[in-house]
Amino acid sequence: MTPSLLPILILIVPLVAALGLLLTPTRNLTTRTCEGVHIGSIVLIVLLSLGLAASVLAGNHPSSLGGWLYVDALGVIFLLIIGVVGLMTGLYSIGYIRHDLEEGLLDAHRVKIYYGFFSLFLFTMLLSATANNIVMMWVAVEATTLGSAFLVGIYGQKSSLEAAWKYVIICTVGVAFGLYGTVLVFANGAEVLSDPHQAVLWTSLAENAKLLDPSLMKIAFVFVLVGFGTKAGLFPMYAWLPDAHSEAPSPVSGLLSGVLLKCALFVIIRYYALMIRSIGPEFPQTLILVLGTLSVIVAAMLFYVQKDLKRKLAYSSVEHVGFIAVGLGLGGPLGVAAALLHSINHSLAKALLFCGSGNVVMKYGTRDLGKVKGMLRLAPASGVLLMVGALALSGFPPFNVFVSEFMIFTAGIKAGYWILMLVLLGFFTVTIAGFVQIISGSVLGKPEENAKVGDVGKQTLIPLGILAAMVLIMGFAVPTPIARLVSQASAIVLDSGDPIVVKAPWSLFGNEEATVAEKAGNLIVTPAAAAETAQNTETK
Amino acid sequence: MITLPTTFLTFLALAATLVPFIGAVVIASLPREHAKWICHGFAAVTVVIALVIAFAFGNDSHVVLIGFGDTEVLGLTLDRVSVLVALAVISIGYLVALYSIGYLNEGNREHPDIGRRRFYAFLLVFIGAMAGLVFTSTVIGQLVFFEITGACSWALIGYYETPKALRSAAKALLVTHIASIGLYVAAALLFIFTGTFAVTAIATLTASQKAIVLLAILVAAWGKSAQLPFHMWLPDAMEAPTPVSAYLHAASMVKVGVYIFARGLLSSGGAPEIVGWVGCTMAIITLVYGFVMYLPQIDMKRLLAYSTITQLATIMFGLSISVFGSDLAFKGAIAHIFNHAFGKTLFFLVAGALSYTAGTRMLPQLRGILSKKPLLGIGFACAAMAIAGVPPFSGFFSKFAIFAGGFEVGKDHWLLMVFVAIALLESVATFAWFLKWLGQCIPGKPSEAIANAAPTPFTIQVVITVLIVMSVCSSFIAAWWLG
């Protein structure tokens with residue numbers, strides 16, 4: 001651990017922005033000022049997250065507040081997701097919210113609340129990704145619900161308030177399970193660690209995982225998986241997700257689907273890493289694999305039958321989170337690296353598509369796919385971007401989702417889950433059919449007679465263009481720093497921080513074998529990990 | 001790490017893939033009026049590149065574009081097979097682009113249209129993806145271009161945006177995507193077994209691993225080449241504008257399948273016999289099925305669709321029996337890929353010209369084409385002869401090589417001999433059936449539709465003339481090239 005100010009700074013920036021906006025009376029604020037503060041906050045977050053990434057890549061583990069905040073390669077991946085997707089959806093918000101203001105859907109007061117809660121929401125997500133204190137992790141995830149619920153219900157209509165209410169109730173109940181899991185792990189740790197204060201810190205729990213009681217850990221993991229799985233949109237507690245994600249303003253939907261789900265997954269991954277160290281990979285992997293598979297299957301079917309664009313996208317998020325869980329459940333360096341990469345890729349593609357659906361809403365005033373026709377002729381740029389997003393998300397090359405999907409598939413075949421992988425790819429074909437429906441029904445086709453031709457404003461198109469470019473670039477070649485972070489992070493998850501030079505299959509993304517071992521130096525070596533790496537070298 | 005090709009030829013091969021993609025971006029960013037000429041220009045440049053590759057081609061070469069350590073992710077391979085097939089797919093792509101200028105306009109009697117940017121952009125992407133697929137040296141590269149061609153075919157088949165066209169388009173996309181799972185499996189297994197994606201790594205596998213990988217590739221190949229049990233997308237794909245049908249059925253989409261299978265066999269260093277048996281059996285079943293389906297067809301394009309299925313089955317058959325050690329059959333199959341590309345394009349484009357000028361492509365309504373439209377009549381006749389395999393037209397020589405190869409290996413396996421006999425019978429019956437329609441449509445007094453036909457646009461005439469010449473010459477080119 002390296003003491004550093006960066007983790008504190010990255011939290012303070014959005015918090016100050018949020019409190020500043022929310023506590024200042026509306027009459028003292030123009031919309032311009034709100035936007036200025038908002039942009040300042042999201043840009044600083046991105047810069048700070050890049051700074052943290054650089055620091056982690058240089059071999060540090062920035063930490064502050066006596067180890068309560070801790071950033072390693074795993075955390076930094078999620079910080080980058082929050083930062084980059086937050087920036088893009090934040091920039092997109094400017095044009096989108098101005099449009100809503102003009103249409104009279106929002107008033108100046110609500111605009112201020114929107115920007116205030118946007119920053120607060122980012123703060124809570126950043127907190128969950130930097131937390132090392134497991135109780136604080138739980139608090140942060142709980143807080144994300146509160147932060148985002150106001151954004152979901154911002155329009156104040158019956159349907160959006162209902163969605164927000166459902167969201168708060170189900171997630172609070174769900175995350176309460178997460179609290180049981182947290183408390184069990186904490187109690188377990190306090191029992192065996194010489195300094196009970198350390199029992200609350202993830203890093204010290206991870207170091208001493210062998211001492212923890214296996215049966216208690218198993219129970220704790222079930223609670224954690226169900227609890228935080230609710231928030232991540234995993235089967236069976238995903239019912240809130242389609243409502244909340246479709247009723248929120250589009251940029252917020254992008255954040256919810258692209259980032260928030262990943263934050264909850266991040267917490268699950270942290271516990272997953274603990275479990276691998278204490279009770280071995282088999283138990284947690286089986287559980288995650290089952291839940292992930294069920295999520296993919298159920299979501300693919302429900303995705304196909306939806307008539308509402310944003311609901312469709314929300315189900316697609318459930319499906320992809322399920323697939324990420326499958327990757328984790330398959331385990332092994334390839335599976336975990338693929339799952340992490342899929343988290344990044346899905347975030348970018350889903351943010352692109354949700355913001356694109358925002359353009360649809362702006363242009364047509366509805367999300368009903370039966371009424372949205374001829375996008376390509378009325379708003380060509382939005383139409384093309386929507387098409388790119390849909391193709392990317394259905395897993396077509398040369399876009400990024402294809403790469404990570406293929407990696408998870410390879411991991412599955414490698415782990416011997418032949419039938420499962422073929423079935424899952426079959427369900428992904430159902431998703432392709434659904435996306436094709438969206439494109440052929442809404443992007444193509446003849447628009448209604450009196451519809452006005454003309455695209456939405458530049459402010460909303462440019463962030464989408466940047467997202468589309470990132471989706472394409474990540475599809476061609478994963479930038480080396482990201483590849484390094486992913487391989488380091490999967491080493492952290494799998495506890496393969498052994499001094500043997502690991503020649504793992506994910507060297508596909510850069511030859512980082514030697515450095516992985518050095519970077520993960522503070523984690524103990526286990527015989528299981530050594531066996532795993534030996535096996536990898538063999539298959540190589 | 002990404003490395004750029006260093007030799008002249010590999011650089012050109014990369015350019016042949018990228019130039020059309022760039023063209024598509026240019027089309028998307030400029031107003032619609034320019035689209036057709038930009039498409040034409042970029043396609044022409046790609047043809048020039050392909051020709052330069054063919055003329056400058058010396059020795060086989062191979063270059064890694066994206067690779068990490070020993071893992072080759074994307075690379076280019078140039079040998080006699082890939083250059084020949086690339087020449088066919090690129091030049092036919094160009095001819096189709098040229099033909100489309102004359103076809104997609106208000107004068108079209110069957111489908112008046114204004115020639116949207118979407119069409120030309122996706123056509124160019126298709127050409128680029130085909131070039132990429134042909135030159136790629138890795139299974140993952142094949143998978144990538146396989147899927148891109150799938151997406152392009154979807155966009156082009158659904159071009160007219162009628163509900164039926166869109167449904168057919170989605171069908172083509174989904175069926176071929178399901179088949180692509182075979183390539184997913186092949187790529188994943190190859191990587192797990194050997195740590196690289198290079199197709200040539202198949203040669204280092206054990207016999208049983210080889211069989212699994214090649215059979216997985218074969219499944220994907222069935223999907224794209226419209227072989228049973230994945231044939232159903234192809235007849236429906238007739239909803240596409242006719243130039244697209246021509247490209248899909250003659251040079252691009254369906255050739256993806258046979259090509260990846262051929263490349264797999266070529267690199268396998270002797271495939272296990274099981275692959276040959278599975279391939280042969282399915283090819284013969286498809287062949288018989290396709291022929292039976294000829295009989296009720298009266299729509300010219302649907303007839304051609306089933307003819308494509310059987311021709312592809314013949315190629316598959318040739319490739320499969322090459323497993324038993326017949327080099328002749330392999331060369332024949334590759335030559336047939338080349339010859340069928342030109343013959344079938346000609347046939348489709350004649351059908352397109354007829355529907356453009358006469359407004360119908362129903363065979364019973366087309367009579368006396370020769371007297372009113374001599375060029376189309378000759379084109380029709382040449383195409384029918386080439387497809388049926390009548391000497392001196394191209395189809396004869398490549399089919400002959402396949403059958404000769406079949407008899408060669410049939411000496412040791414009586415079942416193969418039966419298969420060859422069935423294939424031969426099918427070939428003769430096809431000839432008889434085409435002769436029937438030839439006699440009905442070409443000579444005699446023009447029917448009403450033909451008599452009132454509009455003049456044929458200039459670019460369409462040019463393209464058909466070129467293709468008539470090629471329907472005779474292509475097999476000589478192929479034979480000379482393959483040696």
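Two residues are counted as being in contact if their C-beta atoms, placed from the backbone, lie within 7 Å.

**View 1. The contact between chain A and chain B in this predicted model.** By this criterion, 26 residues of chain A are in contact with 27 residues of chain B. On the side of chain A that touches chain B, helix H15 (380-393), helix H16 (400-414) and helix H17 (418-443) each supply at least two residues, and H17(A) gives the most, with seven residues.

**View 2. The annotated transmembrane domain of chain A.** An unreviewed UniProt entry carries the annotation "domain: NADH:quinone oxidoreductase/Mrp antiporter transmembrane" for residues 131-427 of chain A. Across residues 131-427 the chain is 80% helix and 0% strand, while the end C-alpha atoms are 36 Å apart.

**View 3. The annotated N-terminal domain of chain B.** For residues 74-120 of chain B, UniProt lists, again in an unreviewed entry, "domain: NADH-Ubiquinone oxidoreductase (complex I) chain 5 N-terminal". Here the chain is 60% helix and 11% strand, and the end C-alpha atoms of this stretch are 27 Å apart.

**View 4. Confidence along chain A, with residues 498-540 in focus.** Chain A averages a pLDDT of 85, and 92% of the residues score at least 70. Over residues 498-540 of chain A, however, the pLDDT is below 50, although this stretch has 78 contacts in the model beyond near neighbours in sequence. Where pLDDT is low, the predicted coordinates should not be read in detail.

Notes:
Residues numbered from 1 in each chain as written. Chains lettered and ligands numbered in written order. Predicted model: local features only at pLDDT ≥ 70, side-chain atom pairs only at ≥ 80, totals over all residues. UniProt positions renumbered as here; feature names shortened; annotations may be inferred. Helix = DSSP H or I, 4+ residues; strand = E, 2+ residues; numbered from the N terminus. pLDDT = per-residue confidence, 0-100.
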